[in-house]
Amino acid sequence: MNIDLSRRSFLKLFGAGAAATSLGAMGFGAAEAAVAAHVRQFKLAATTETRNICTYCSVACGIIMYSKGDLNAGEKAELIHIEGDADHPTNRGTLCPKGAALKDYVKAETRLTKPRYRAPGADQFQEITWDEALDKIARALKDDRDANLIEKNAAGTTVNRWTSTGFLAASATTNETAWLTYKTVRSMGIVGFDNQARV
Ligand code: SF4
């Protein structure tokens, strides 16, 4: 009989079995081992799983975020656990120490969760909304491009180069997102374009 199990389901099933077997080898009885094997299941039983990608480095390992409440539903959700995604082709469930500590990073009191803006001449940052931040960025990009776009080179050939603004893209994305980012940046004429993977 074929059993159709994903890699993660396989690890869940046989991980529980291995825990019970190990406890048995340490002298615990079958009842204690059986209870211990189910503790991890109970910890995550009422949680919502959200797949994501570790943003620390360009390896872009797959992660699963477990929360009470749905992180994607806009409701107030509490993140309680993060682990490597065993079905992700990049990391197959593993995480390096930085990725393994992601939950602490997400919940750190010092983590910035809102954009901040320092006005010209000011010595303090002030919190602004995401809409305000995006408006400021769009305004600054438009003004700079209008002022500095090089439409033709010395020979009169159309080049549409925008050399006074650069763009640094994230590497923890899919191929499709990277492709769209590249097209967007190049279509505006930006020449200085690089990726976190090379930094
Ligand atoms: S888990 Fe480690 S190796 Fe993987 S993306 Fe995060 S920092 Fe990079």
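# A tour of the model

Select K136 and Y117 to begin: the charged end of K136 sits over the ring of Y117, 4.0 Å from the ring centre. (A charge sits over a ring if NZ of Lys or CZ of Arg is within 6 Å of the ring centre and within 35 degrees of the ring normal.)

Before moving on, note that this is a predicted model, in which local features need pLDDT of at least 70, side-chain atom pairs count only at pLDDT 80 or more, and totals for chains, interfaces and linings use all residues. Residues are numbered from 1 along each chain as its sequence is written, and side-chain values use heavy atoms, with hydrogens and water left out.

**Stop 1: the sheet**

Select β6, β7 and β8. They form an open sheet of 3 strands in the order β6-β7-β8, with mixed pairing. The edge strands are β6 (150–152) and β8 (190–195), each pairing on one side only. From one strand to the next, the twist averages 30°. (Helices, H or I with at least four residues, and strands, E with at least two, are DSSP runs numbered from the N terminus; two strands pair if DSSP finds at least two bridges between them.)

Now zoom in on β6 and β7 (residues 158–169). Their pairing is antiparallel, over 2 bridges. Find I150: it stands opposite R161 in β7.

Helix α5 lies across β6 and β7, running at about 150° to β7. Next, show helix α6 (residues 175–187). Helix α6 packs on the sheet and touches β7 and β8; its direction makes about 155° with that of β8. (Contact means heavy atoms within 4.5 Å; axes are lines fitted to C-alpha atoms, for helices over the stretch in contact, and angles run from 0 to 180 degrees between N-to-C directions.)

**Stop 2: the rings**

The whole structure holds 3 aromatic pairs. (Rings of Phe, Tyr and Trp, the last by its six-membered ring, pair if their centres lie within 6.5 Å; planes under 30 degrees apart count as stacked, over 60 as edge-to-face and the rest as tilted.)

Select Y56 and Y105. This pair is tilted: 5.3 Å centre to centre, with 40° between the planes. Y56 lies in the loop between β1 (48–53) and β2 (62–68) and Y105 in helix α4 (residues 102–106), so the pair ties together parts 49 residues apart in sequence. Y56 is partly exposed, at 36% relative accessible area. (Buried means under 20%, exposed over 50%, partly exposed in between, with a 1.4 Å probe and protein chains only.)

Go to Y182 and F193. They too make a tilted pair, 5.9 Å centre to centre and 50° between the planes. Y182 is in helix α6 and F193 in strand β8, 11 residues apart.

**Stop 3: the charges**

A search of the whole structure finds 6 salt bridges. (Each is a side-chain nitrogen of Lys or Arg within 4 Å of a carboxyl oxygen of Asp or Glu.)

Select K107 and E78. Their side chains meet at 3.7 Å, N to O. K107 lies in the loop between α4 and β4 (116–117) and E78 in strand β3 (residues 78–84), so the bridge ties together parts 29 residues apart in sequence.

Return to helix α5 for R139 and D143. Their closest N and O atoms are 2.9 Å apart. Both residues lie in helix α5, 4 residues apart, about one turn of the helix.

Finish with R51, D85 and D87. A network of salt bridges links them.
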